[in-house]
Amino acid sequence: MNALSYIDRPNRTLRVYAVSYLIFLYGPILFLPLFSFNDSIYTAFPLKGFTTKWYDTMFNDAPMWAALWNSVKVGIASACIATFFGLLGARAVTRYNLPGQKPIVFIIMLPLVIPGIIIGVALLILLSRLGFELTLFTVTLGHILICVPFAMATLIPRFEGFDKSMEEASADLGANPWRTFWLVTFPIVLPGIIASLLLCFTISFDEFIIAFLLAGTEGTLPLYIYGQLRFPSRLPGVLCMGTIIIAVSFVVVFISQWLKRRGLEDQTARF
Amino acid sequence: MSDRGLEAGTPQTHTRTLRAWLYSRFLRSEALRGFALLSPTLLLMICAMCLPFGIMVVISFWTQTGFEFNQGFHLDNYAEFAERPAYRVLLLRSLVISAACTFATVLLSYPMAYYVAFHVHKHKMAWLILMTLPFWTSYLLRIFAWKIVLGFNGVINSGLMTLGVIDQPLEFLLYSPSSVVVTLTHAWAAFAILPIYVSLEKIDRSLLEAATDLGDGPAKRFFGVTLPLSLPGVIAASLMIFIPTVGDFVTPAMVGGPDGLMIANIIQAQFGVVNNWPRGAALALTMMVTITSVSLAYIWATRRLTGRVS
């Protein structure tokens with residue numbers, strides 16, 4: 001009768017540990033919103049009183065909006081291009097049995113095991129030797145590079161759980177490969193594509209090291225925040241911005257993870 | 001049918017049939033189509049990663065004179081690394097800090113991953129998302145959060161002073177190697193869980209039941225079966241944290257202070273204020289080679305230790 005084996009039975013000690021772990025994980029981050037409403041430029045106890053004036057100052061901060069807009073542009077471009085490359089790669093790797101597939105996938109996944117500073121420095125040298133100026137385009141290039149492995153890793157499971165016979169059925173019924181792709185393959189992998197887009201956008205939006213090395217005069221939001229940290233009087237503005245960024249990225253990541261996992265559950269339910 | 005037979009003689013249709021033949025050949029050859037599909041991605045990776053890396057290797061043998069590069073083959077930058085102990089100290093410190101952070105992260109994340117894999121039955125997905133969510137929020141802001149917590153006028157100091165536990169702020173909290181370790185551990189904790197969780201989830205429960213039936217207690221069962229079988233996840237998690245943290249320069253710059261500076265800070269400076277790109281390239285390569293050797297040695301050692309199991 002007992003469905004749970006003794007191995008899987010609830011464990012009180014571990015449960016307490018899990019909750020304290022989550023507190024450790026979220027605790028420090030929650031001080032940002034807490035102090036962003038505090039009526040003092042110091043992030044210290046006791047709290048002085050509730051205020052939203054830091055948010056008012058922040059919303060009138062023109063350079064901050066420019067940096068945010070830059071980040072959004074870079075993020076959207078990196079996400080779309082990286083997902084496109086990831087899509088090609090994931091499809092090729094799962095659909096065909098290629099000779100030498102392992103080393104090829106290893107090369108594509110390399111950015112995952114190379115520190116960001118190496119990628120940034122190597123690209124910086126190449127671009128300057130070729131005579132390119134550092135702009136938001138160079139930052140985007142760096143971000144595409146680190147996003148492609150994540151895009152592929154997100155898309156491969158989606159393609160793997162894919163029933164090949166559906167494509168074959170479409171081909172048997174007379175659809176050409178292009179039509180088959182748009183009418184059969186694409187709708188099935190769509191949740192994976194959305195998850196990959198959201199994931200790549202968040203990675204690019206948060207990335208600091210490569211952006212720091214490859215940005216020219218125009219910077220992304222993390223660079224702007226980093227610059228602000230030198231001035232104690234700008235601290236509350238950073239707290240407000242941080243609060244908003246954290247809230248928005250929580251929502252975006254939650255949606256992307258949910259889509260990714262829901263997609264996988266759908267498949268296991270169907271087969 | 002007869003039309004096609006008649007036309008086959010003319011030269012134009014010859015090329016047309018050849019092209020059609022090549023096209024059908026292309027469509028039929030699985031490997032060719034696969035490579036065609038894969039080539040843009042592969043080409044991007046080669047042009048934007050392998051090529052720059054090669055140029056970096058070349059430049060590391062140049063030297064800088066004023067604003068010009070002195071091309072040719074010199075070993076000056078590497079000789080400098082060998083002669084000046086400051087670089088070695090920084091590299092060693094980076095390795096120690098990253099190793100400590102990796103160890104702490106894996107140690108803290110393992111029970112958490114174990115809990116979700118074995119003891120959570122409802123809302124598993126919610127738990128997983130909740131645990132990995134902080135990893136995807138701004139890295140910079142998570143580090144900044146620790147500056148607020150550990151700072152001279154920060155949460156811990158002001159909190160303890162308000163409570164009357166201490167009357168002077170504790171200065172050792174921020175700007176030290178240990179504050180870098182704490183900050184990095186928190187920043188990467190959410191990332192370590194996933195690979196460990198995946199490897200734990202894969203374990204066949206009947207193996208554990210078999211171990212118990214054969215008389216193993218919980219401790220022996222864990223160290224004899226669960227832990228060895230989850231090692232691939234532990235290795236993956238360790239490398240995923242160790243490799244990027246050695247090359248991090250924001251965290252040490254923000255919470256490290258002068259004693260907490262790491263090798264990446266010096267590398268970054270060569271491409272910024274110091275403006276000595278060849279030396280920066282040489283240092284970056286030295287760091288890369290060191291990271292790779294340490295990682296390979298780690299994989300080899302863990303494989304050897306557990307060789308009897310797998």
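At what angle do helix α3 (residues 30-59) of chain B and helix α14 (residues 277-305) of chain B pack, and how far apart are their axes? Here are some notes for you, with that answer in the third point.

1. First, what kind of model this is. The structure is predicted, and the model carries an ipTM of 0.82 and a pTM of 0.84. Chain A has a mean pLDDT of 84, with 92% of its residues at 70 or more. For chain B the average pLDDT is 84, and 93% of the residues score at least 70.

2. Helix α1 (residues 2-7) of chain B has the lowest mean pLDDT among the elements of that chain, at 45, whereas helix α5 (residues 85-119) of chain B has the highest, at 92. Residues 1-9 of chain B have a pLDDT below 50, and this stretch makes two contacts in the model beyond near neighbours in sequence. Within chain A, the lowest mean pLDDT of any element is 74, for helix α11 (residues 235-270), and the highest is 93, for helix α9 (residues 209-214).

3. Now back to the opening question. The axes of α3(B) and α14(B) lie 8 Å apart, and the two helices pack at an angle of about 115°. Angles of 65 to 115 degrees count as roughly perpendicular, and α3(B) and α14(B) are therefore roughly perpendicular to each other. Their crossing is left-handed. On the α3(B) side the contact is made by B:Met56, B:Val57 and B:Ile59, and on the α14(B) side by B:Trp277, B:Pro278, B:Ala281, B:Ala284 and B:Leu285. By class, this contact has eight nonpolar residues, with no polar and no charged ones.

4. The domain assignment gives domain 1 as 2-59 and domain 2 as 76-305. Between the C-alpha centres of these two domains of chain B the distance is 45 Å.

5. As for chain A, there are 11 helices and zero strands. Its C-alpha trace spans about 70 × 70 × 30 Å along the principal axes.

6. The contact between the chains takes 72 residues from chain A and 71 residues from chain B. Helix α1 (residues 12-36) of chain A gives the most to the chain A side, with 12 residues. Sorted by class, the side of chain A that touches chain B has 56 nonpolar, 10 polar and six charged residues.

7. The axes of α1(A) and helix α7 (residues 139-150) of chain B come within 8 Å and cross at roughly 75°. From α1(A), the residues A:Pro28, A:Ile29, A:Phe31, A:Leu32 and A:Phe35 meet B:Leu141, B:Arg142, B:Ala145, B:Trp146, B:Ile148 and B:Val149 of α7(B). In this contact, 10 residues are nonpolar, none is polar and one is charged.

How values were computed: Residues are numbered from 1 along each chain as its sequence is written. Chains are lettered from A and ligands numbered from 1 in the order in which they are written. This is a predicted model: local features need pLDDT of at least 70, side-chain atom pairs count only at pLDDT 80 or more; totals for chains, interfaces and linings use all residues. Domain bounds come from an automatic or database domain assignment. Two residues are in contact if their C-beta atoms, placed from the backbone, lie within 7 Å. Helices (H or I, at least four residues) and strands (E, at least two) are DSSP runs, numbered from the N terminus. Ala, Val, Leu, Ile, Met, Phe, Trp, Tyr, Cys and Pro count as nonpolar, Asp, Glu, Lys and Arg as charged, and the others, Gly among them, as polar. Axes are lines fitted to C-alpha atoms, for helices over the stretch in contact, and angles run from 0 to 180 degrees between N-to-C directions. Angles under 35 degrees count as roughly parallel, over 145 as roughly antiparallel, 65 to 115 as roughly perpendicular and the rest as oblique. A crossing is left-handed if the near helix is turned anticlockwise from the far one by less than a right angle, and right-handed if clockwise. pLDDT is the predictor's confidence in each residue, from 0 to 100.
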